[in-house]
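Colleague: I am new to reading protein structures. Could you walk me through one, feature by feature?

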Amino acid sequence: MAISSNETAPSAGSPGPASFLLHLVIALAIMIAGIVFAVLCAVAVFAALNTVLPDIKLIQAVLVMMLGVAACFGYFWGSNRLLDIIYPPRGSRVAENINAANGIRPWLFLGPAIVILGVYLVYPVVNSIVLSFHGPSGESWVGGANYAWLAQDAAFRESMRNNILWLIVVPAAATFFGLIAAALTDRIGWGNVAKSLIFMPMAISFVGASVIWKFIYDYRAQGSEQIGILNAIVTFFGAEPQAWITIPFWNNFFLMVILIWIQTGFAMVILSAALRGIPEETIEAAIIDGASPFQIFYKIKVPQIWGTIAVVWTTITILVLKVFDIVLAMTNGQWGSQVLANYMFDWMFRGLDFGRASTIALVIMAMVTPIMVWNIREARKDMK
Amino acid sequence: MSTPVGSRPALTWVVNLSVILLVALWTLPTFGILVSSLRDKDQLAISGWWTALTPAERNIVARSAPPEEAQPVGDNYALTGNVFEGGSGKAAAFGISSRDPSAFPVGESAELRGGGMLTVEPNGDYEIVYKERPEPGRGQRIFVSSVEPPKFTTENYENVLFSEGLGKSFINTMTVTIPATVIPILIAAYAAYALAWMEFPGRALLLAAIVGLLVVPLQMSLIPLLRLYNTIGIGKSFIGIWLAHTGFGLPLAIYLLRNYMAGLPREIIESARVDGASDFDIFRKIILPLSFPALASFAIFQFLWVWNDLLVATVFLGNNEEQLVLTGRLRELLGSYGGNWEILTASAFVAIVVPILVFFAMQRYLVRGLLAGSVKGG
């Protein structure tokens, strides 16, 4: 919203590409100076304090944190100061100096972020593509061999099938339950408490949730007392207890339940906000026309929040593509429950084949890309 | 908002009951492990947590004192003691062979093969009466099915925190989480300010790039970064994981903060500019304090994400005692103690209690952040 309309352009006319490049170069130089300054300060202080403080990890962590914060401030403060020294906003060339400084300063503010994003997110994408054409240790060029292997690999096909199942079931179920929960809790007095409790699993790690649900699915041989609640219920009704997470194909759904349990709260919170944002006139008109509560919900409210439902759906979709911890902790891909992210991890750490693992990672990336493009387009629409 | 529900009591009931059911489904799993983690481990192993408040049935095997200790009582010799060995319980039945461990009700007498009559009382006292002085040898095995009162204990927690190394992992997780939450906030705040309030070429492009980076899967970054770390010698260290979490959290941080800062009133910033304040001062003295809600939103996001992360910690930290974080430890325990639920439930609860507390304390900011930045998938 603020993109096209804030700040007047410098009165001297918009800077040409030459001065833009010059600004970048100067910014880079100042940035490097600033980083060196910040790091030097941090190292000096760290060395001094480290000899005094006891060797306890938590104390060291707090120390490092404070130094990190100090270094960050040091960088931003130092680089700004340097800029003011090079282009002082006073004297005979004040207008030119201010213009030059205004051209450079944004890059000083953005510098660390751009460097970190570049190293941690952009470079890996490029490097993964390169690695996918290389052998296990990333040295020898193998051309398309990894892709050819992937195309005929049975475990990969199983992972793809399971991932597609996850992609269909989890976003649909979480959004559905979230919508129901949002609609119901908005109508009762203790709705906020209920919301809090349904939202709570969001704070639980996937591994923690896996332990919680493994306890629910716990299996004892028939005849002995079941301590997993699912088997206790099943045997109460006279059926045989099952080792749920080892039943091929269906175990996928038992694992999905965990993610649905975690994500429903997220869907509920967002959809509840959207439901409250619906203009009341439309609902009042429907009530006057004699619509039942169900008709109002499905025919008046839901159609008005399609946009939000789409956002919730895609957000959970992205999460599902990356799901790894649950499968690793519950089955480690056994009994036909493998998924892409865990399969990639398998090739990375047990197969020790970086080429193949990178290729699998690229498949995940390719599946995310349509959502990425859509997100960028939506965001650009919002900003205009 | 007036809803038609208010006028229909039946529907109100249905709504209330449905919500109760939903809440139960969503809280009982967690409640189950909390209850279980506090139960006595022998009781936990044989009965469901929902029976925690009812007396537990348990089969124990005791051995009487050796026959030579029998004391003469009148014409007979008697051997006495208690099957619970100092513990308490309520015996329901007893037996003398493993094939039928509850053959006799308490109070009755059973004839032993080597001669002698065994009686077990409800309080666990047993008496073996021999007609003649018995041969020396091993004591008689006595099978007792007893009913124990529900027992709760904090022993499981003491056990996992101090012997299973969970305490150490807890500290490791703190060590990873605190810097990995604070560092990205600072870096992102400056970048967000530049993107929201400074004019420069390429700004729209950068913003689009950040929205795009929001969804890049972590899996892409693991191998290249691992190789990079090994090349430059960071290896598996805390500094490596702090920077990794900073990198992975930065797109969301910049995105959230920029959107928030761009929505701040333009008049404040312009009047400060007119007064001669530099961008650096405006940021530090005006924007940063005003952006507190957005900073808090991101901080809680990042905190939960880093605390609960398993993947990044597994890849960038070692698997050893010194570096194992809570999630990694929990996964190891799950592998090695698949059926020891007293260890697993207590460990799981230790691992999830801090995020849950943070969640309840700062829920408002979490919701706000979610509403502002629901593009990233966690």
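**Reading the structure step by step**

Modeller: Happy to! Let us start with one pair of residues: Ala93(B) has Pro105(B), in β5(B), as its bridge partner. Before going on, note that this is a predicted model, where local features need pLDDT of at least 70, side-chain atom pairs count only at pLDDT 80 or more, and totals for chains, interfaces and linings use all residues. Residues are numbered from 1 along each chain as its sequence is written, while chains are lettered from A and ligands numbered from 1 in the order in which they are written.

Colleague: Which strand pairs with β5(B), and over how many bridges?

Modeller: Two strands pair if DSSP finds at least two bridges between them. Here strand β4 of chain B, residues 90-95, pairs with β5(B) over two bridges, in the antiparallel sense. The names come from DSSP runs numbered from the N terminus: helices are H or I runs of at least four residues, and strands are E runs of at least two. Chain B has 14 helices and nine strands.

Colleague: What is the order of the strands in the sheet?

Modeller: Read across the sheet, the order is β1-β9-β4-β5 in chain B; this open sheet of four strands has antiparallel pairing. β1 (56-63) and β5 (104-105) of chain B each have a single partner strand, so each of these edge strands has one side without a neighbour in the sheet.

Colleague: Is Arg113(B) buried or exposed?

Modeller: A residue is buried if 20 or more other C-beta atoms, placed from the backbone, lie within 10 Å of its own, exposed if 12 or fewer, and partly exposed in between. Arg113(B) has 8 C-beta neighbours inside 10 Å, so Arg113(B) counts as exposed. Arg113(B) sits in the loop between β6 (109-111) and β7 (117-120) of chain B. Over the whole of chain B, 46% of the 378 residues count as buried.

Colleague: Which residues touch the most other members of the largest nonpolar core?

Modeller: A nonpolar core is a set of buried Ala, Val, Leu, Ile, Met, Phe, Trp, Tyr and Cys residues joined through C-beta atoms within 7 Å. The largest one has 194 residues, and Ala188(B), Ala191(B), Tyr193(B), Ile254(B) and Leu257(B) touch the most other members. Helix α4 of chain B (residues 166-197) gives this core its largest share, 17 residues. A second, separate core has 16 residues, including Tyr77(B) and Phe143(B).

Colleague: What does Tyr193(B) touch?

Modeller: Two residues are in contact if their C-beta atoms, placed from the backbone, lie within 7 Å. Leaving out residues up to four places away in sequence, Tyr193(B) touches Phe109(A), Met261(B), Phe283(B) and Ile287(B).

Colleague: How many residues does each chain bring to the contact between chains A and B?

Modeller: Chain A brings 100 residues and chain B 97 residues. On the side of chain A that touches chain B, helix α3 of chain A (residues 94-131) gives the most, with 18 residues. By class, that side of chain A has 76 nonpolar, 15 polar and nine charged residues. Here Ala, Val, Leu, Ile, Met, Phe, Trp, Tyr, Cys and Pro count as nonpolar, Asp, Glu, Lys and Arg as charged, and the others, Gly among them, as polar.

Colleague: How many residues of helix α12 of chain B are buried, and what covers them?

Modeller: Helix α12(B), residues 326-336, is mostly covered, with eight of its 11 residues buried. Among them are Leu326(B), Arg329(B) and Leu333(B). The cover includes α7 (206-216) and α13 of chain A, along with α4, α10 (292-308), α11 (311-316) and α13 (341-361) of chain B.
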